[in-house]
Amino acid sequence: MTAQVDYLAVLFTTTSGASGDLLGSDETELEQLVWQLVDLKNKKLGKVNEVLIRPEHSDLTEDCLGEREDSEESVSTVTGLEHAINQFHLRLTNEVNSLGAGTSVCVCTDGQLHIRQVLHPEAAGKNLALPECFNSFFDLRKEFRKHFPSADTKSLEVQYMAESLSVTVEPVAILEPPTVLDPTAVLDPTAMLDPTAMLSPVTAALQVQTMANIVLALLLEPLCHTFSNPERVTEKFESGTCSKMERVCDNTVIRARGLPWQSSDQDIARFFRGLNIAKGGAALCLNAQGRRNGEAMVRFISEEHRDMALQRHKHHMGNRYIEVYKATGEDFLKIAGGTSSEVALFLSREDQVIVRMRGLPFTATPDQVLAFFSQGEGPKEACPVSGDKDGILFVRFPDGRPTGDAFVLFASEEHAQCALRKHKDILGKRYIELFKSTAAEVQQVLNRYTSAPLIPVAPAPLVSMLPSVSLLPSPGGVRDCLRLRGLPYTATIEDILAFLGEYTHDIRPHGVHMVVNQQGRPSGDCFIQMHSAERAFSASQRVHKQVMSGPGQAGKRGVNSRYVEVFPCSAEEMGLVLMGGSLSHTHIHTHTRTRSGTGLSPPPCKSRRLSPPSYSFPPIPSIMPAEAAGLFPPIGQVLLSPRPLGPGHAYYPASTQLYMNYTAYYPSPPGSPNTIGYYPSPTPLSSPGGVVRMHGLAYKELLNTIQGYQAFCWVDLHCLHGLDVQEAAPH
């Protein structure tokens, strides 16, 4: 236990907006500082001081402010928070020095809001440094509860504490002479019932005087209270690691939404300035592409701080307002938790700044990364990596293949800023993207590439009651299509036709299929249907790894120029990949496994969490009678041979997260059939119809799934009412 301080500065603040339990929740500016010094050793009270602040939106007129300032020396008017803080600190220091009974002084407030929700947030928003005395304070409510434990801290009021201690107030008049205060007056409990109302100067002064007298009452016998161990305000956010095995209380976590994409964990700590975030408790969320999505999970040291964070809902970070919602400990661990000992060792170095490298050549080595940061002149001067090779962490797939990402440690913020100036510099033959990163982002990226999928158990198949058959195409498929991979994101169909040159004449009508991702942006892939397998093979040999220039570059290399990989494939393989599947290397025919013949690798979205390379499904017992099953063609034929639709339709379902890697819009079906084939008319069934289970599909997804295929007559559609069983009779 620390020794008792010599003086307490009993402080009360008002803003131009809400008061009481909502103080600071509306992000309005500070308007009034009122305080009174208490000599704890001699048990004496000093004079009441007041500083009026002229905020941007103030109801105090110039005449009123002038009258108040001229009436008393203890009342002054300043413009701006910085001058008000300086005035407070100057007066407090002079008064302490004049008394000469000690030097240690600490602030005391009624609750947490005056310091944590008013002073610190506004100072952080205006880039002001508060004096050291505001980084520690006593909460009068908590000090009172040490002797009256039955009292509820949240509902505790100054009036209740005064009545419990038999305190009466003899207010000191600090207002203009015409206003005379009754010496027997006590604080009116109805003065603060409306938290949205502004407090009058009289109420603020009475509040401070009542609090000061409560402090004196606590010092006297029989309580003999000692003011030690004050509340602390964390000055600097501490980064750190979090294990997935750690227990995180649900009542300490929030989710922040709407963050600027370039914000860091330090920016989040700045937004929640005044509240104590747990070590490593700010975790930025990433989307499926590994980029920041404007959300963050924040873990606080207690439920009390979490509740105050929720009151900052729709407060501003720059020009953006931030939404703040409750979250759970499990949500936080999904983002910030990790299990890798390599990552824990990498992040164990404290006071390090992390920079993320993206777009590295797959052959990049630690020596090349060190050389990348060690060269440069002028503004791009050399910036040493902390720990040499130990300060570099390459991100790899579970099989050891590099992903093109790496994290680098720097010893100081200056070195990190110097490194970030090398953004889009060249390493090898690729430009490298550099971003300031966080420990939680390192955990997320490593988890994304090395840990198990988010869905530990494979969901039920789409059509679980039909016989289970393989969706993989048969080995005898004709490879009369091309797959182009690595296209510039600005490439158009005209650019692709120009890239193919003479082979443009061999493309089938409506045979160019651009592929976009789930966000509707180009994925860098394209499928092309050719008239023959020979011309497809010839085209892949001729233009494979040729450079495609960006728009307006006329065949010249430029910023948007990229070499394009070209592989032959079959219509069945193309249809399977476009449906969201992938072809493993073991499936490719052994007699065609050449450098250009193994090109149907998994789609560009390599996130194991979204598109795992494979799942092992147990064989599903046949529930449909053999007589009914014989009436339906194999499922592979149903999915890969749809009926053609007119342009403008979304041919495949666009929102199945596990299996769909793309959202593709086709002018024609993958196979571009010239004729429409119908299935043979079935023989009558002994039963009135077959039962098909479509598990977990919404109504619109269900319609998208069956459109273009054999017509069904729907007898009962229960999914509209939340069920997942439908009856279908063949048409």
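Predicted model: local features only at pLDDT ≥ 70, side-chain atom pairs only at ≥ 80, totals over all residues.

Residues are numbered from 1 along each chain as its sequence is written, and side-chain values use heavy atoms, with hydrogens and water left out.

Let's start with helix H14, residues 493–500; helices (H or I, at least four residues) and strands (E, at least two) are DSSP runs, numbered from the N terminus. Here Ile496, Phe499 and Leu500 are buried, where buried means under 20% relative accessible area, exposed over 50% and partly exposed in between (1.4 Å probe, protein chains only). They sit on the same side of H14 because they cover an arc of only 95° around the axis, going by the directions from the helix axis to the C-beta atoms. Turned away from that buried side, you'll find the exposed Glu494 and Ala498. Just past H14, Gly501 has a positive phi of about 65°.

Now for the rings. Rings of Phe, Tyr and Trp (its six-membered ring) pair if their centres lie within 6.5 Å; planes under 30 degrees apart are stacked, over 60 edge-to-face, and the rest tilted. That rule gives nine aromatic pairs. Phe144 and Tyr160 have ring centres 6.4 Å apart and planes at 80°, so this pair is edge-to-face. Phe144 belongs to helix H4 and Tyr160 to helix H5, 16 residues apart. Phe144 is buried, at 0% relative accessible area, while Tyr160 is partly exposed, at 43%.
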